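Me: I'd like to learn to read this model feature by feature. Where do we start?

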Amino acid sequence: MSVSTMTSLPAAPAPAPLDEAADLAARLLAALGFDLTSSELAATPGRMVRALKEMTTPPTFTATDFETTAEPGQLVLVRDIRFVSMCEHHVLPFTGIAHIGYVPRKRILGLSKVARVVHHCARRLQVQERLTGQIADWMVEHLDPAGVAVLLSAEHTCMTLRGVGATGSRTTTSSLRGVLLDDPAARAEFMSLAVSAP
Ligand SMILES: Nc1nc2c(ncn2[C@@H]2O[C@H](COP(=O)(O)OP(=O)(O)OP(=O)(O)O)[C@@H](O)[C@H]2O)c(=O)[nH]1
Ligand SMILES: [Zn+2]
């Protein structure tokens, strides 16, 4: 078992005094033209800061894994893991689903931990491409599997709810490692199950 401290991910932001952040949020909202003297907005800066902190603080967990005599080449696929992350360009959420597949060598991961890895990597300021690769790297570092495949499909609210207004657009990214990168049959099995399995 190992706690999810990772070499490939940046450390969580250092705890900062939220009072100071709330004062700065109040100044930000005032600078944007909102009336911070109104009673309706009095508690908003504090809420805003707590919500932002919550959305960018990665949950830690204990990565329970097990010794296995896995069948050679067996694919383990956990599909449809919903996640929320934060776009590092606009500090707006992007939300989607992750499909995580791996081919074990000696160790398998508790299934719930696969979803925890996704949340651990997602709950920070991110771009989707880096998030996808970090999930794959976590699996490689902790399980030493024969292969890993990560497929994410997400809606970026910075391009659907504002800006270009590309309502309904989704972005798909993949990161493949080991046999799930190099072996076309293994890769095809992952892709077909990730997209079409019941
Ligand atoms: N590659 C990548 N781009 C992202 C991601 N999230 C947001 N972006 C893009 O980051 C870019 C930032 O571009 P800028 O021109 O600096 O920002 P902007 O003026 O707000 O641009 P618009 O969003 O086009 O209005 C935009 O094209 C976003 O769509 C991501 O996860 N990956
Ligand atoms: Zn954005």
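Reply: Start with contacts. Two residues are in contact if their C-beta atoms, placed from the backbone, lie within 7 Å. Keep in mind that this is a predicted model.

Me: Which residues is Cys158 in contact with, leaving aside neighbours within four places in sequence?

Reply: Cys158 is in contact with Cys87, His89, His90, Leu92 and Gly163. Cys158 itself lies in helix α5, residues 157-160.

Me: What does UniProt list for "binding site"?

Reply: An unreviewed UniProt entry lists Cys87, His90 and Cys158. These residues span 72 residues in sequence, yet no two of their C-alpha atoms are more than 7.8 Å apart, so they gather at one spot. Such annotations may be inferred rather than shown by experiment.

Me: Next, the sheet. What is the strand order in the open sheet?

Reply: Five strands run in the order β7-β4-β5-β8-β9, with mixed pairing. The edge strands, β7 (125-126) and β9 (171-178), each pair on one side only. β8 and β9 run antiparallel and are joined by eight bridges. Within that pairing, Leu151 has Ser174 of β9 as its bridge partner.

Me: Why look for a nonpolar core?

Reply: In soluble globular proteins, nonpolar side chains tend to be buried together. Here the largest nonpolar core has 30 residues, and Ile135, Val150 and Leu180 touch the most other members. β5, α3, α4, β8, α6 and α7 each supply at least two residues of this core. β8 gives the most, with six.

Me: What is Ile135 in contact with, leaving aside neighbours within four places?

Reply: Ile135 is in contact with Ala98, Ile100, Val117, Val118, Cys121 and Val150.

Me: Now zoom out. How is the protein divided into domains?

Reply: Domain 1 covers 18-55 and domain 2 covers 65-196. Their C-alpha centres lie 34 Å apart. The C-alpha trace of the protein spans about 65 × 40 × 25 Å along its principal axes. The protein has seven helices and nine strands, and buried residues make up 26% of its 198 residues.

Terms used. Residues numbered from 1 in each chain as written. Chains lettered and ligands numbered in written order. Predicted model: local features only at pLDDT ≥ 70, side-chain atom pairs only at ≥ 80, totals over all residues. Core = buried A, V, L, I, M, F, W, Y, C linked by C-beta atoms within 7 Å. Buried ≥ 20, exposed ≤ 12 C-beta atoms within 10 Å, placed from the backbone. Helix = DSSP H or I, 4+ residues; strand = E, 2+ residues; numbered from the N terminus. Domains from an automatic or database assignment. Pairing = 2+ DSSP bridges.
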